[in-house]
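Please open the structure in your viewer and keep the selection panel at hand. The stops below follow one another as a short tour.

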Amino acid sequence: MKNSHEKQEKRFTKVDFLIILLGLVVYTFDIGTDFWTAKNLLCEGQYLNGTLILATGLFSSIIIQFFSCAWFKEDEGEKLPCTFYLLHFLYGGLFTRYYLTLKLGYQTAFVSNSLKNRSLCLGTMADISMLQLFKAFMESTPQLILQIHIVMASDDSTFVQYISIALSFCSISCATVNYQIILRKSQPDKNEFSGVFCKLIYLLYKLMTLTSWILTIVLLSMLCIIGSIVLLIFLWFGNLSWVIKQNTDFCKFKPIEYVYRMTVATILIFTFFNIKGENTGIVQRVYYVFRIIVTVIILCICGYWKSLLDENVYLLTLTIVVVIFIILGIVSLIIYYIHFHPNIYCTQDEVDGLDVKREEPCRFSKFLKQ
């Protein structure tokens, strides 16, 4: 049976160009903020916390440079200039991508909006947003957990710190939403977000579920730091086992694919994604049912041994916040999937049994989808 759905024409606009430019500014500001936070912690004598901030930033940057360089290699299909390797070695991989995307984006948005240029621009935007997603869950989220832990253990927390934490939650959630927007825009066979309300519901789903889970992890760390580390390691190995079982084929080279799987396993600790674009409704239900069960167990443990918690921890307030947020998150998730989740019409399908030439799927047709 023929598919009656036409491919949507995806355009690269001046607004898209400005979004890329804004992303570069935010990325630069974020790097500066990390160094400023680490410097303050080190100057206050919190050497462990300051070192952890720098370590998470360094580790995340290494992962970003690794994938950025690997994708350049895969896309070009030939030997890259030495300057590319040098720039990535100096942690300039994402800056390089921003420069090339802005250069091409200006040509497309302001000079010649050809089909080829639009496709290239949207593809490079998807590359950048994906790397930013890695950064959000491999750097920003661990740093946020550490930041909340420091605030809870401190006697003189400031209003500015709480504002910073709230903005961090929103920033990570917005990075996830932005990734989905650009992902759909870059794929001709995937519908875009249908309006502001759709984006808002998706943002609430990610923000609420992520906030409740991070607060739960922090509560466990306040009770027993080793227990929280063991939990995260257990979840990572469980996620990795599932990812391996899915037999993902995102990267062309196996060694890179292994790193990709480990990276995805880390992201799955904090939020759910469909890692192959297939029907995973049952898996997603299991994921969030398990999340709810673990959250309830941790809250009960903290309530039972609340005498071991720091006196600065307002357990009842945090428990209420966690419960409300996870309920709101699950409700937003249900609303999103009932009313706003886009259908995917795969261009690789055979039509009417004829030997039709298939389109080569872009890299992101195999990555994290919702």
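Contact here means that heavy atoms lie within 4.5 Å of each other. The model is a predicted one, which should be kept in mind at each stop.

Begin by selecting helix 4 (residues 93-111) together with helix 5 (residues 115-153), whose axes are 9 Å apart and which pack at an angle of about 150 degrees. Since angles over 145 degrees count as roughly antiparallel, helix 4 is therefore roughly antiparallel to helix 5. The crossing of these two helices is left-handed. To display the contact itself, show the side of helix 4 that includes Leu94, Arg97, Tyr98 and Thr101, and the side of helix 5 that includes Asn117, Arg118, Leu120 and Cys121; Leu104 and Gly105 in helix 4 and Leu131 and Gln132 in helix 5 are also among the residues that meet there.

The structure holds four salt bridges.

Next, select helix 8 (residues 225-245) and helix 9 (residues 254-270), whose axes come within 8 Å and cross at roughly 125 degrees. That angle makes helix 8 oblique to helix 9, and the crossing is right-handed. Among the residues that meet here are Leu232, Leu235, Trp236 and Asn239 in helix 8, and Arg261, Met262, Val264 and Ala265 in helix 9.

Key. Residues numbered from 1 in each chain as written. Predicted model: local features only at pLDDT ≥ 70, side-chain atom pairs only at ≥ 80, totals over all residues. Heavy atoms only, no water. Helix = DSSP H or I, 4+ residues; strand = E, 2+ residues; numbered from the N terminus. Axes fitted to C-alpha atoms, helices over the stretch in contact; angles between N-to-C directions. Parallel < 35°, antiparallel > 145°, perpendicular 65-115°, else oblique. Left-handed = near helix turned anticlockwise from the far one by under 90°. Salt bridge = Lys/Arg side-chain N within 4 Å of Asp/Glu carboxyl O.
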